[in-house]
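My notes follow in the order I looked things up.

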Amino acid sequence: MATMSTLFAKTPFPSRSLSKSNISHFAPPLTSLSFKQKTTAPHFKLRSIRAGLIEPDGGKLTELIVDKSLRDVRKREAATLPRIRLTKIDLQWVHVLSEGWASPLSGFMRESEFLQTLHFNSLRLDDGSVVNMSVPIVLAIDDEQKRRIGESTRVALVDSDDNVVAILNDIEIYKHPKEERIARTWGTTAPGLPYVDQAITYAGNWLIGGDLEVLEPIKYHDGLDRFRLSPAQLRDEFSKRNADAVFAFQLRNPVHNGHALLMTDTRRRLLEMGYQNPILLLHPLGGYTKADDVPLSWRMKQHEKVLEDGVLDPETTVVSIFPSPMHYAGPTEVQWHAKARINAGANFYIVGRDPAGMGHPVEKRDLYDADHGKKVLSMAPGLERLNILPFKVAAYDKTQGKMAFFDPSRAQDFLFISGTKMRTLARSKENPPDGFMCPGGWKVLVEYYDSLTPADNGKVPVPA
């Protein structure tokens, strides 16, 4: 998999703290893409921008990893502090914060940042500028943990094995309004929301915020760490490749030839606009996902085959893992996905049907309108500098025997293969139509579903 990514030296950037004051200003409307309210759908128009890498939010990446020369000192200090044990998802958020994906956020949110995120989907900085922030990045504690912290202004954050991961400084503890958080983030409090069940319902009734110092880079030792490139590392790679534009494509599913068509066509469009070397950031989500999603390790195997089979060009593609957990919060969450890619250097973001969406947990319908994600991105506060590229609809063209952009004038020639249909075929070890997915990639998908076949004892193996 050496063609997919390379290890790069981390480039340090000075951190930038947010104001702790509770500011209620809201951002002006987006201007990079126009939205005409008299029409039923937004009119998307690419905005002229200068070539090169886009600046991070706040002007600099806020990296929160302690310098090597201070690590032993911080470890000794941590030994004297009250401890908070992190969940798996908490640790993923520490990873996100430590590398600057949420720049200019300097740690877990204090109350002013939490409220701005919930109510405005943005944060206003000390200089009056606005950056997008649509999902709360918070750390919950319970009554007993709050009591143990007492009057301390610092706490140590430890993993499941009690190893110190980070120190949270200048802390602020405030109420965790779970119902409001869920309602404003997901637009519903219906039971069965995966992230809510996993990370909020049984979490503590308090939130603790503060400035984060992470003792060492977060590693998972799962064979995939070499693909977890930080924003600084990605920027280094884009610069090495002389990229004058970066277009990001997030996914949490296997890549089929419809995705590949979209990505190659996007590069063609950017070349026609005058860019000389646009680079694709293929950026699968690597944090928490719901149980029926294909696990990260299998998705990465499948992506490798897509490159090996020549479906995507390794010379113009960087494959990396985005460490964020998945909320399945639709138009609210897709803003976070887009904002984080700005910090990695992307100035174009591809958005499709129902981004970050899911089926309603109770009713038989989608939780979100399929078009709202791209409409919201066209108006989102703090994303003015990012060019949004809406999906073209791709389907299997029976007359050509390959994936192609849907032509409504000959709708009868097209076959739409849903995710459910794809999974059904893979489970039954049937092949999709030729040209739907590269053979190597399909083989990986079949092997994954075959690994879920119950063993002789009737138990289904846990996905790797």
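I started with cysteine 438, which I found in the loop between helix 12 (419–427) and helix 13 (439–451). Helices here are DSSP runs of H or I with at least four residues, strands are runs of E with at least two, and both are numbered from the N terminus. Cysteine 438 has 5% relative accessibility, so I put it down as buried. My cut-offs: buried is under 20% relative accessible area, exposed is over 50%, partly exposed is in between, with a 1.4 Å probe and protein chains only.

Before going on, a note on what I am looking at: this is a predicted model, where local features need pLDDT of at least 70 and side-chain atom pairs count only at pLDDT 80 or more, while totals for chains, interfaces and linings use all residues. Residues are numbered from 1 along each chain as its sequence is written, and side-chain values use heavy atoms, with hydrogens and water left out.

What does cysteine 438 touch, not counting residues up to four places away in sequence? I got Asn257, Lys305, Val306, Asp309 and Val311, with contact meaning heavy atoms within 4.5 Å. Asparagine 257 is 181 residues from cysteine 438 in sequence, yet C-alpha to C-alpha they are 7.1 Å apart.

I then looked up alanine 291, in the loop between strand 9 and helix 9 (296–308). Its relative accessible area is 78%, so alanine 291 is exposed. Its C-alpha atom is separated by 8.7 Å from that of proline 194, 97 residues away along the chain.

Next, the whole chain. I noted 13 helices and 15 strands. Buried residues come to 55% of the 464 residues. Of the contacts with a separation of 6 or more, 76% are between residues 24 or more positions apart.

Strand 9 (residues 278–284) pairs with strand 10 over three bridges, in the parallel sense, and I see leucine 281 opposite valine 318 of strand 10. Axes are lines fitted to C-alpha atoms, for helices over the stretch in contact, and angles run from 0 to 180 degrees between N-to-C directions.

The other open sheet I checked has five strands in the order 1-5-6-7-4, with mixed pairing. Its edges are strand 1 (83–85) and strand 4 (140–141), each with pairing on one side only. Strand 6 (residues 164–175) and strand 7 (residues 206–214) run antiparallel, joined by eight bridges; isoleucine 167 has glutamate 213 of strand 7 as its bridge partner. I found helix 1 (residues 71–78) across strand 5 (155–158), strand 6 and strand 7, at about 50° to strand 6. Helix 2 (residues 88–99) lies across strand 1, strand 6 and strand 7, at about 45° to strand 7.

Is helix 3 mostly covered or uncovered? Mostly covered, with seven of its ten residues buried. Those residues pack against strand 2 (122–124), strand 6, helix 5 and strand 7. Just after helix 3, asparagine 121 takes a positive phi of about 55°.

I looked at the helix 5 contact separately: the axes of helix 3 (residues 111–120) and helix 5 (residues 178–186) come within 9 Å and cross at roughly 40°. That makes the two oblique (under 35 degrees is roughly parallel, over 145 roughly antiparallel, 65 to 115 roughly perpendicular, the rest oblique). Phe114, Leu118 and His119 of helix 3 meet Glu180, Arg181, Arg184 and Thr185 of helix 5.

Last, the rings. My search of the whole structure gave twelve aromatic pairs. Rings of Phe, Tyr and Trp (its six-membered ring) pair if their centres lie within 6.5 Å; planes under 30 degrees apart are stacked, over 60 edge-to-face, the rest tilted. Phenylalanine 406 and phenylalanine 414 have ring centres 5.2 Å apart and planes at 70°, so I call the pair edge-to-face. Phenylalanine 406 is partly exposed at 28% relative accessibility, whereas phenylalanine 414 is buried at 7%. I also noted a cluster of Trp93, Trp101, Phe322 and Trp336, linked by ring pairs.

Key:
Pairing = 2+ DSSP bridges.
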